[in-house]
There are 2 protein chains.
Amino acid sequence: MSKRVKGFSHERDLVRRLWEYGFAVMRAPASGSKAKRVRYPDIVAIYRGKVIVIEAKTMKEDRPLYISGEQVDKLLEFANRSGGEAYIAVKKIGTGEWFFIPVEKLEKTQQGNYKLSVDHVHEGIRLEALISVVKSARKLTDYMQREH
Amino acid sequence: MSKRVKGFSHERDLVRRLWEYGFAVMRAPASGSKAKRVRYPDIVAIYRGKVIVIEAKTMKEDRPLYISGEQVDKLLEFANRSGGEAYIAVKKIGTGEWFFIPVEKLEKTQQGNYKLSVDHVHEGIRLEALISVVKSARKLTDYMQREH
């Protein structure tokens, strides 16, 4: 499988899980043209008007992830328009566990891109916690402050 | 152009217009497998937590449109999960104008599919009206009752 096809299969895994938890979920179309593609996040998940905007990544080894400034800008723009919260969802290859990290945790690099540290990934919110928080009235960021 | 490719170009036209009006908009991925495809509406448009779930159609001549029961069920399920409102968006070929018809206006056929009459299309809400209603606090269905 190509890297791109593998990426899609992880996205589909997350879409399927969110759907099973009762969310309305949509994966972005795989446009041939990159210029069109960047307007969308990878996944948008909605539960009764609460919107979660997701950029999905995978992590094989304990090394920081890098995300382009352009990707983060588009994620934030979509979140802003929709009134949603923007997350980087990281799947740990091996365990298959998903971690959700609010975009605010990203650190800007000198080149204008963003770095996500291994610690921030491990401090990320787990899928089940994300679900229960979205289904309750609390904000996810409140929950994270309580937890850590 | 094939019928399918033409359909996508009309969807993209609607996505672009909704985006220009400040909505977060996503078009469904064009899955090869129909079984996967039907879980998604054609388009989801969100404005600050208000969700519009859309099945897009085109109308060449003044003849009723038919929509499968399965498509309507999936549209309603997505609307229900997201807390959104479900519409059939009809583009009149020639004028290029879009009309939005709430799914409640569909009439069930004996075969379990749905019919959208020409009158209901012409009584549909125009794009600009849809935008202004979503951006205000009113429900779209209230607006339609006032208008007609």
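So, which residue stands opposite A:Ile52 in β5(A)? Hold that thought while I set things up.

What we have here is a predicted model, where local features need pLDDT of at least 70, side-chain atom pairs count only at pLDDT 80 or more, and totals for chains, interfaces and linings use all residues. Residues are numbered from 1 along each chain as its sequence is written, chains are lettered from A and ligands numbered from 1 in the order in which they are written, and side-chain values use heavy atoms, with hydrogens and water left out.

Okay, chain A. Its open sheet has six strands, in the order β1-β2-β3-β5-β6-β9, with mixed pairing. Strands here are DSSP E runs of at least two residues, helices are H or I runs of at least four, both numbered from the N terminus, and two strands pair if DSSP finds at least two bridges between them. At the edges sit β1 (24–27) and β9 (125–126) of chain A, each pairing on one side only. Strand β3 (residues 50–59) of chain A runs parallel to β5 (residues 85–92) of chain A, with eight bridges between them. And there's our answer: the residue opposite A:Ile52 is A:Glu85.

Now, α3(B) packs on this sheet and touches β1 and β2 (43–47) of chain A, its direction making about 110 degrees with that of β1(A). Axes are lines fitted to C-alpha atoms, for helices over the stretch in contact, and angles run from 0 to 180 degrees between N-to-C directions. Contact, by the way, is heavy atoms within 4.5 Å.

Over to chain B, which also has an open sheet of six strands, ordered β1-β2-β3-β5-β6-β9, with mixed pairing. β1 and β9 (125–126) of chain B each have a single partner strand, so one side of each has no neighbour in the sheet. β1(B) and β2(B) are antiparallel, joined by four bridges, and B:Met26 has B:Val44 in β2(B) as its bridge partner. Helix α3 (residues 69–82) of chain A packs on that sheet, touching β1 and β2 of chain B, at about 110 degrees to the direction of β1(B).

What about the interface itself? Chain B and chain A each give 25 residues to the contact. Together they bury about 2500 Å², 63% of it on carbon and sulfur atoms; that's accessible area (1.4 Å probe) lost on being put together, summed over both. On the chain B side, B:Trp19, B:Met26 and B:Arg81 lose the most area to chain A, together 32% of what that side buries.

Methods:
Buried area is the accessible area (1.4 Å probe) that two parts lose on being put together, summed over both.
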